[in-house]
Structure formats: structure tokens, C-alpha cells
Amino acid sequence: MRVLVVEDEPMLADAIAEWLREETHAVDLAHDGEAALERIAVNDYDVVVLDRDLPRVHGDEVCREMVASECDARVLMLTAAAQLDDRVTGLSMGADDYLTKPFAFPELAARVLALGRRSRPAAPPVLRRAGITLDPARREVFRNGRFVPLSKKEFAVLAELLRAGGNVVSAEQLLEKAWDENADPFTGAVRLTILKLRRKLADPPVVETVAGVGYRIA
């Protein structure tokens, strides 16, 4: 999934991003509300982890702007304000979930994964197609009962292809969901990842190239 972490404490922001990347998500960072709104306007995020007390544009206003613009991303509000009234206010302005500091990274990751599922059309927790079984929570993949060890990017790309349910997914869409904003669209990263994925999934071939369009699980 594509996640934006908005946190004005750089060390905490980097720690959250690193943890979520270990969970195979593509993560961008913003350290103030203005930068967050700029990124949200141009990128298709599944989840925004949003600190509330932000410089330039307050986190509350970022949340209101997202709601007003009918942004599809789910919002996990992350804040030190732990009182009941604070949580109610955050949820009432449009946040989908609310996590107070200090927090446990595994809980944050679990909440992000749950919100990401809600940002898309309903899909089963375990994805299955063409003999492939992918479990996002356990980060495990099997092909016809055989365990398939995948890198983080290979896992993320395969998950996107399986979620498409046989429909074609373009290279641009894969870049959007599996890589962060620093990815160079001209490096051939998607093509190389698809080649490695095909080799690891083995025969019979299951990842089909649709010339000039993209890829799909046949």
C-alpha cells in the first residue's frame, strides 16, 4: 500500500516510515501540514498517518481539507492528546482511527493495514488466484502449496496484481502503490521486479504481460 506519514519530529517520522516499509508498504514523509496537503494532492495514498499538532497547517485542518476534497485515503490520527474529548473531536472531523502517543509500532502497523483494506473495494484478508495464496498479515506466499520467498517489492507487486482480480494493472499503478515518491519511473524497476516474480513463482507462467497496457494474473 502507499502510505503518507505526516510527523514534525524527524526521528519519529523516520522510525514510523522504516517500520511500515518493513511491512512492505511504500512510504512518503511530510514534516508539516502544508507539505502533506501538497503530496496528498498529487499522490494516491491508501492511508495517511497524521500527527495532529503540525506546523504551518494544523493536522485538524489537513484532515478537514481531505474530507472536503473527497480524498479516498483513510486517516490514522496520531497525537499526544489522549483525552476522550480529543479523540471524539479527531474522529468527528473525519479521521478514521485515532492512536495516542506513546504507541507500539506493531499496533500502528496493524491499524494501517486495517485502514488500507477499507480504502479499497472489499477484498478477502487472504488473496487467492491461479494457485497463488498471499497472506498480507503473515507476509507469506504459496504457489500450489509451495512456499515462495519474495522480497518486499515482489510481495507488494504480487499483492496489487492479486487485488486486481484478473484485471490489468499498469506499470504506473504498480509504481504508485509499491514504490515511494523517490522512485524513478524510467529505471525499469517494475519490469525487473515482474521478471524476478515470474522466476520465483515458477511454471506454469501466471503473470501475463498485456502489451502496451500492463500486467495481470492470468
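Predicted model: local features only at pLDDT ≥ 70, side-chain atom pairs only at ≥ 80, totals over all residues.
In soluble globular proteins, nonpolar side chains tend to be buried together. In this model the largest nonpolar core has 25 residues. Those with the most contacts inside this core are L134, V157, L158, L161, L201 and V207. Five elements each supply at least two of the core residues: the strands β7 (132-135) and β11 (214-217), and the helices α6 (152-163), α7 (171-178) and α8 (189-201). The largest share, seven residues, comes from α6.

With its neighbours within four places in sequence left aside, L158 is in contact with I132, L134, V141, L150, L197, L201 and I217. Apart from this core lies another, of 21 residues, which includes M1, V3, I16 and L108.

Helix α2 spans residues 33-42, and G33, A35, A36 and I40 are buried in it. Viewed down the axis of α2, the buried residues fall within an arc of 155°, so they line one face of the helix. The elements that cover these buried residues include the strands β1 (2-6), β2 (26-30) and β3 (47-51), together with helix α3 (59-68). On the face of α2 turned away from the buried side are the exposed residues A41 and V42.

The N-terminal end of α2 is capped by D32. A side-chain oxygen of D32 lies 3.0 Å from the backbone nitrogen of E34.

Conventions: Residues numbered from 1 in each chain as written. Heavy atoms only, no water. Core = buried A, V, L, I, M, F, W, Y, C linked by side-chain atoms within 4.5 Å. Buried < 20%, exposed > 50% of the residue type's maximum accessible area, 1.4 Å probe, protein only. Helix = DSSP H or I, 4+ residues; strand = E, 2+ residues; numbered from the N terminus. Contact = heavy atoms within 4.5 Å. Arc of directions from axis to C-beta. Polar contact = N/O pair within 3.5 Å; in protein donor to acceptor, adjacent residues only side chain to side chain.
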